[in-house]
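Here's a quick tour of a protein and its ligand. Have a look at the model first, then read on.

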Amino acid sequence: MENSSIIKIENLVKKFPMGKGEFTALSGIGLTLSQGEFAGLIGPSGSGKTTLLNIIGSLDVPTSGLVKVLGQSISELNAKESARLRKENLGFIFQSYNLLAVHTVYENVEFPLLLLGLSSGERKKMVMDALEWVGLTDKIRSKPPQLSGGECQRVAVARAMVKKPSIVLADEPTANLDAANSHNILKTMEELNRELKTSFLFATHDEKVINYLHRKIFLLDGRIDKDEVVSN
Amino acid sequence: MKLAIKLAFRNLIGAGLRTWLNVIVLSFSFVIIIWMKGVITGWDHQAKIDMTNWQIGEGQYWHENYDPYDPFTLNDSHAPVPEILREEVRQDSMTPLLISQGTIYPQGRLQSIMIKGLDPHQKIFHLPSHKLDTTISDAIPAIIGSGMAKNLQLGISDRVMIQWRDTEGTFDASEICITDIFSVNVPAVDQGQIYIPLNELRSMLNLEDEATILTYNNVRTDRSDVTGWIHKSKEELTSSVDELIKVKTAGTSVLYAVLILLAMLAIFDTQVLSIFKRQKEIGTYIALGYTRREVVGLFTVEGTMHAVFAALLSAAYGIPFLTWQAKNGWTMPMDTSEFGMAIAQTLYPVYSAGLVAGTVLIIMTVTAIVSYWPSRKIAGMNPTEALRGRIQ
Ligand SMILES: Nc1ncnc2c1ncn2[C@@H]1O[C@H](COP(=O)(O)OP(=O)(O)OP(=O)(O)O)[C@@H](O)[C@H]1O
Ligand SMILES: [Mg+2]
């Protein structure tokens, strides 16, 4: 990691095949994110937020350009290496929570630790810590269908945070939540950012989220329109 | 792998009813296949034991002209007991049987029969030959099987005329008196057969000391043909049973295939449905750090685990059922004496460890393949589209 920059993007282009031609979803993206940032990609629907987040999360690959996450070039990773990057260093939070419906809250949060092969003692401690951060220690035996949307998203936050990843990528995490729950979740994430120095990168067009961001990266038609750091 | 098993277990239990429906269907396949194969094996055993006890002993010597499928050879299929086998006959470990063609006239009808001369003191067959060791005025004592008795409408102490030709070709006739009726599962011992004392038949035919078949009951491996006599091992004599079993096994295999196919359709359907319905979940696994291959592995383990559950469930109700069957037997709903083969009314299934292990192995393997087949598709999925649940 050079100069604590954990994400480094240069001249990124992403094209999707469409009909006979191609559709350019991202073009000329250049971006650097440092350790501990609380940043967001802001833009209207179709501006390329999710596409960019997916590439950073090594779920997708750039068409051209350089994308380095924690010093590793996304285009050069094989399936195993990219899975490993996600497993060890990245946390994901989705708009629709994406919890495992038949697993309990505890099991959902435990999942990333199982993938890391930690012992059950270690897992237990870390899961309970994570559930404490999001205030859900009383719901460990519940299953997602029995929880409210806000509670589900808090489980998702705990699952993303439990292994203390370097980066959390959150795609519209509040889109399904009411105002109170949105603030709740955001406050929790802000605290975790402060305490654990975890970097957060959001994709959003939700005003409530935007107000919490310390750095706002505006996307428009697949290009960076504006990139401002909020001083507080 | 350990993690996949743990997750697959959670997923299957979580899926609830659907899992259990699959498991129940699969477990039927386990139990029915093992039971049916057991019945066939039991039949094989029973048929061979019955043949040993009633018809062939541990093996036989046939007069070289004897052909059981051609009654006209009987006139020439007899000879004195060969010198080197006489000791065994004296020691009761071998018994001579003399066979002649004859005719019986029950209620004035005419029916062709085999007259078999049996030593009343023989110790080889379960036939009640001691009932022949009696004198009846004006009649020859005879025993017959229950099928024959029913056919001829004869009961104990009934009398009937029989006719035969001696070696000169002269017809002769006498009355016989039924002294016993025995029940046997071997049709060749029952249908069309009448047993009278050996010496009686010998003097009727003027064939003192002669025999058609010599049956022994001691297991010796050094036997071979004797001049004028052909040695028939037990394996040869029971090969017709093996043939029959083979045909039956082939017939029931179709049923096994249908049973397995049904179970596999259920599993296949579940798997196909899973990869479509659970796209988001698949995307989530990948986002959390699984490779797509590992997800394929997880889904394969999940599908295969149905068979593991089914094996456990089968053990839970199958072991008591199969044990009960082995003990009490399975009584066939139709009259088996009409089958024309050595089959008892009640069959006692016999299960071997190989049968159980083989069945479990085959079903597990087929389930694994059927689980893997649709899951391969996951390896080609685009994780971002899976996450959105957009794959058609
Ligand atoms: N797999 C794909 N194939 C073709 N086009 C795609 C694909 N994924 C995204 N796009 C297109 O790329 C553009 C950017 O999509 P993206 O999902 O990144 O937008 P977004 O900013 O996240 O929008 P929203 O706020 O609605 O989530 C859209 O026009 C979309 O239709
Ligand atoms: Mg989006």
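## Two domains in chain B

How many Å separate the centres of domain 1 of chain B and domain 2 of chain B? Taken over C-alpha atoms, the answer is 52 Å. Bear in mind that this is a predicted model.

As for where those domains run, the assignment for chain B puts domain 1 at 2–52 + 240–388. Domain 2 of chain B covers 59–218.

## Where the ligand sits

Now for ligand 1, which lies between chains A and B. The space it takes up is the largest pocket.

Which elements give two or more residues to the shell around ligand 1? From chain A there are β2 (21–34) and α1 (49–56), and from chain B there is α12 (383–388). The top contributor is α1(A), which puts in three residues.

## Who's around it

There are 15 residues around ligand 1, and the ones that come nearest are A:Ser45, A:Gly46, A:Lys49, A:Thr50 and A:Thr51.

## Polar contacts and burial

Let's zoom in on some side chains. In A:Thr51, a polar side-chain atom lies 2.5 Å from an oxygen atom of ligand 1. For A:Thr50, an N or O atom in the side chain is 2.7 Å from an oxygen atom of ligand 1. Both of these threonines are also among the residues that come nearest to ligand 1.

How much of ligand 1 does the protein bury? Taken alone, ligand 1 exposes 630 Å², and the protein buries 75% of that.

Technical notes: Residues are numbered from 1 along each chain as its sequence is written. Chains are lettered from A and ligands numbered from 1 in the order in which they are written. This is a predicted model: local features need pLDDT of at least 70, side-chain atom pairs count only at pLDDT 80 or more; totals for chains, interfaces and linings use all residues. Side-chain values use heavy atoms; hydrogens and water are left out. A residue is near a molecule or strand if one of its heavy atoms lies within 4 Å of it. A polar contact is a pair of N or O atoms within 3.5 Å; within protein, one must be able to donate a hydrogen and the other to accept it, and residues adjacent in sequence count only if both atoms are side-chain atoms. Accessible areas come from the Shrake-Rupley method with a 1.4 Å probe; for residues, only the protein chains shown count as cover. On a 1 Å grid over the protein atoms alone, a cavity is a set of points where a 1.4 Å probe fits but cannot get out, and a pocket is an open set with protein on both sides within 12 Å along at least five of seven lines; lining residues have an atom within 4 Å of a point. A molecule sits in a cavity or pocket if more than half of its atoms lie within 2 Å of its grid points. Helices (H or I, at least four residues) and strands (E, at least two) are DSSP runs, numbered from the N terminus. Domain bounds come from an automatic or database domain assignment.
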